[in-house]
Amino acid sequence: MTSRDILVIDDEEVITGAVTRICTAEAMSVDAASSGAAALKLLESRCYRLIVCDIMMTDVDGFQFLAEAARRNIATPIVMATGYSTVENAVRSLSCGAVDFIPKPFTADELLAVVRRGIRCGQLQRLAATPSEEPPDTLAYVPCPSKYYRLGYISWVLVEHEGTALVGITDLFLKTIDGVGGFVLSPVDDDVVQGESCASVLSLDGATHAVMCPLSGRIVEVNPAPAADPTVVEKDPYFEGWLYRILPSELDPDLKQLIPCSSDRL
Amino acid sequence: MLGKKIGFKLTVAVGVTALVTISVFAYINSRSYNKSLLAEVERHANQLSETVRSSTEYDMLLNQRERIHESIARMGNQRSIERIRVMNKAGTIIYSSDAEEIGRMVDKAGESCYMCHSAGRPLERLEMQERTRVFRLKPDAPRTLGIINPIYNAPSCWTAACHAHPQSQIVLGVLDVTMPLAEVDKDIRAARIEIVIFAISAIFALSLIVGVFVKRWVDVPVEELLRATQRIGDGDFNYRIPENRDDELGLLAKTFNTMTQRLSEARLQLFQSDKMASLGRLAAGVAHEINNPLTGVLTYSSFLLKRTKDQPELQEDLKVIVRETIRSREIVKSLLDFARQSVPKKTEADINEVIARAAVVVENQLTLNNVKLVQELDPALPRAVVDANQMQQVFINLFVNAADAIGAKGGTIHVSTTSMSLSPVGITQIKKALCPKRHNLVDNEVRIDGKPSIRIKARSNGNEGFVYLNSIYGAGGHHHGIVLDANKEVQLACPECSISLLCPGRTCPDCGSAVYTFEVPPRGMVEGCARKGCDWQRWEAVDTSGQREYVEARVRDDGCGIAEDQLSKIFEPFYSTKGQKGNGLGLAVIWGIIDNHNGTISVESEVGVGTTFIIRIPVRA
């Protein structure tokens, strides 16, 4: 089976062309498919490190493609892209198993940041799935605790007894970034919306990585720790490294869109 | 067409009834008149007959035949008497006013003899009615009344000197008097004609009067209703029936007008939501179609920008392309946000600063149009919790509208700010309402003044329907989807689980009626009077919170003004007075933004003088 870096699926030639051109320039091998069927055909003979898939295509839509890929046990991480970039589409993509979401139109840097994160995410997942004799402290990444919910592999929520919820970034997302340099956080009393960016991670290479908020509501508290020491988030992403305490506005419908972390341990 | 009209049918029905009644009355009346007249003549004839008999009796006893002849002839000459004759037992006419028939025999079957001789044996005693008869001598002759008077044997007769009659004889002869009925018949005819004339004119007059009133009370209002239904059917929802009657049709007109108003409101809402839905679909389609080509531009230009770091002359141009493409991306995103009515991102902001920033944006445009923007901003204005970007859009839109209203002649826009404390009653909106079983009572379908209403099931007097409460606390103006009698008891319940919303033991302090209650989380309970017409409400959390602080901004222009009939429509989406220049969304978007901030926007305008928009935003959201 031939191994390639990226498969880009889009019915618009200008998109596949642009993705091919940008990724090839970064020394990645790229295949393009103009439909879901063509992509599945390519996937029969080749394996890829990452798939970039459009949501609105002529034969199947992106969600059907995600379901078909899962059915065929294709482990390749999939990044969804769409011109109709609504919060609903982003959240649905992530809850259907996509590792990331990129709204069109995007710049070359935005594309490369997502692609690199996606490839790294695939590597880490493969590493975690491979049985190893290494001691547990060198785990590929730490999965989120069982009472938590996650939005794709990006952010997590812990509903507290008081009705508030803690929000943070998953270890996998942090690990896909080439060295965390700092955080840009929203102030208290800001309203946040599920699926929209609520914070940014600045990586050491100068790129900005937007973090999609897993929950809609109002920020009631911002963790001061990351501002003082960004490494606290990397060291303890699920407890000390939380970002916001949120008063959820629509907790139940929002939770339905999220993946319970307990399901990761089955 | 005429035959199908309700008024015509009613008039005909009344006319036919009158015709039958009056005809029967006239017939009976005519007959009884006829009878009484004839009875009178009969009585008169009888009297006459008796007079003739008694006046000739003495002469007969004396057997003075000449004198009898003379008396009968004289009496027979009277105009009201046709003939007087006396017949003996054998039927020979012995005296007569008509001298020619004296000595003739009378036929026993003749009209004057028939009465007594119709049976086998002649009758000896006759009642008065039996002694009279009405007959015609010839078929074409006028009627005649005849009365016969038997002359009985008396002791004086058989003891008289002439000894003409033996004692054994009972009836000696018959006195027959006939009278012409020509005069009487003439009277009867005249009376009959009179009755017929009276009947016809009565029927005619009755029909006419009924017709006039039916026309006034039924035809005219029914036609008015008919015209209204046609007008509304043709799409004129502003048509109203004059409500100047207090009968059932007046009530119908009132109900009809209310129905039309509701219909028009529902239609408007449907129209608006339909338009918003189409706009949403349009925006989604446009976003998708434009984002793909934009991706091409943005990826290639940003890629080139990365690759040409060593060519500064290219870098500058490429940066412009990337920057402008990213700007286009933001425009498309805001189009999508508009279609989805994005949630405001509120932070504490200085409205004065927001206004100043908006003024900078429109500065050039205003200067070009020769419009001066005068800012009278209150420096002590408290900071308010708003979405600064959305509020900026509000002021930009208002300034641009004001400049358009001023036109080419130039003018001034005054923008002023001030803070004020307002009572929450009549301003605060109830956004959530729950029944005791926590069912949502807020209804987005039926809106009052553009805001969702609170839907409650009402049952009264066997009728069941819905009452829609105004969601503005204390503002009144509730809609009743059911006819409620203000004096009848009404049951109010949750439309979903039918749990009663009435508060047992509590009564309205204004009118003493029952009180309903529902929960407004997280701000406690709202109570209100259940009686239609009483607007009493109580919301402790709001009442005790005291006055609320508001920031007020006024934007006043000296432009062309807005006509009164357009004022109610200007906040509707796609309503534009600017023709091709505007898309009709500006004020609709403003209204939506202010509503999202729990604020109010109102407008005062006079044609030719200018327009003032007044915005009030609560300082704390």
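Predicted model: local features only at pLDDT ≥ 70, side-chain atom pairs only at ≥ 80, totals over all residues.
**Helix 2 of chain A.** I looked up which residues of helix 2 (residues 36–45) of chain A are buried, and found Gly36(A), Ala39(A) and Leu43(A). Viewed down the axis of helix 2 of chain A, these buried residues fall within an arc of 60 degrees, so they line one face of the helix. I set beside this the general point that an α-helix has 3.6 residues a turn, so residues three or four places apart point the same way.

**Chain A against chain B.** I recorded 21 residues of chain A in contact with 23 residues of chain B. On the chain A side, helix 1 (13–25) and helix 5 (108–129) each supply at least two residues, and the largest share, five residues, comes from helix 1 of chain A. Sorted by class, this side of chain A has eleven nonpolar, three polar and seven charged residues.

**Helix 6 of chain B.** I checked the span of helix 6 (residues 182–233) of chain B, whose 52 residues reach 71 Å from the first C-alpha to the last, close to the 76 Å expected at 1.5 Å a residue. I also noted a kink of about 45 degrees in this helix, centred on Lys215(B). Its buried residues are Ala199(B), Ile203(B), Ser207(B), Val214(B) and Pro221(B). After helix 6 of chain B comes Gly235(B), with a positive phi near 100 degrees.

Key:
Residues numbered from 1 in each chain as written. Chains lettered and ligands numbered in written order. Buried ≥ 20, exposed ≤ 12 C-beta atoms within 10 Å, placed from the backbone. Helix = DSSP H or I, 4+ residues; strand = E, 2+ residues; numbered from the N terminus. Arc of directions from axis to C-beta. Contact = placed C-beta atoms within 7 Å. Nonpolar A, V, L, I, M, F, W, Y, C, P; charged D, E, K, R; others polar. Expected span 1.5 Å × (residues − 1). Bend = angle between axes of the 7 residues up to and from the residue.
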